[in-house]
Amino acid sequence: LSLKAALDMLGYRTYHMKEVASNRGHDEAWRAAARDQMAGRPTDWRAMFGPGGYTATVDWPSARFYKELLAAYPGAKVVLSVRESFDTWYESVSESIYPSSMTGLQVIWTGTFDGRFEDRNFARQVYEAHIAEVKRVVPPAQLLVFSARQGWAPLCAFLGRQQPSPDTPFPHVNDKADFNQGLGARQRRARLYNNIILASNAALAAALAAGVGLADRCQVLRCCT
């Protein structure tokens, strides 16, 4: 949620996984997008995002479609969110989303990680392969590899947006306390996304979270590890 909060503060209207549950018909729209993906058909992304005025998207289920979204918005700028290291990321996921989502997002762990997330070396291979694939797919001039620890400066420079005032800290959302407090709602959403992804019976993209710009004036794609 940190990048969503930052993008919203910079003037974007950002689509997040919460929107799936709060917008009628969006769960089926994502299932249809998954069927389109399997069949090699284009998806009318503007029909999904346009009515709500969204100009960026982050997190699941967009993660699954980052290549399709980039193809639909070829001028999109891409933010690849990274942690300090694989080990930092792995420990964080192991203590938060992994145990909490086993009842709702098994498809990530059995699909993306082939049921071997607890095999640290294998998870490292998936993690590093995802980063390499994003860097391969996205033109270098459109890609920012970014850590929230870097704060506003690189993100604003990349997006061409004015930096907030010096006394405005970069948002840090979903720390451990926030995560545990919202666990019940998160698990309910996880079950919904699990059903969306399973509907297509396809292999998952290796991203754990992603976002793509949705309007010609915005065009921000975020792929997060």
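Helices, as the term is used here, are DSSP runs of H or I with at least four residues, and strands are runs of E with at least two, both numbered from the N terminus. In this predicted model, H16 is found in the loop that lies between β1 (14-15) and α2 (18-22).

**H16 and its surroundings**
- Because buried means under 20% relative accessible area, H16, with a relative accessibility of 2%, counts as buried.
- When residues up to four places away in sequence are not counted, H16 touches L1, K4, V58 and D59.

**Nonpolar cores**
- The largest nonpolar core has 34 residues, and W30, W45, F49, W89 and F117 are those with the most contacts inside it.
- At least two residues of this core are supplied by each of α3 (26-39), α4 (45-49), α5 (66-72), β3 (77-81), α6 (86-95) and α9 (120-137), and the largest share, six residues, comes from α9.
- Another core, of 16 residues, lies apart from the largest one and has L7, V79, W152 and F170 among its members.
- F117, again leaving out residues up to four places away in sequence, touches W89, Y90, V93, S94, Y98, W109 and A123.

**Helix α10**
- Within α10 (residues 152-159), the residues W152, L155, C156, F158 and L159 are buried.
- Viewed down the axis of α10, these buried residues fall within an arc of 160°, so they line one face of the helix.
- An α-helix has 3.6 residues a turn, so residues three or four places apart point the same way.
- G160, which follows α10, has a positive phi, near 70°.

Definitions and conventions
Residues are numbered from 1 along each chain as its sequence is written. This is a predicted model: local features need pLDDT of at least 70, side-chain atom pairs count only at pLDDT 80 or more; totals for chains, interfaces and linings use all residues. Side-chain values use heavy atoms; hydrogens and water are left out. Buried means under 20% relative accessible area, exposed over 50%, partly exposed in between (1.4 Å probe, protein chains only). Contact means heavy atoms within 4.5 Å. A nonpolar core is a set of buried Ala, Val, Leu, Ile, Met, Phe, Trp, Tyr and Cys residues joined through side-chain atoms within 4.5 Å. The arc is that of the directions from the helix axis to the C-beta atoms.
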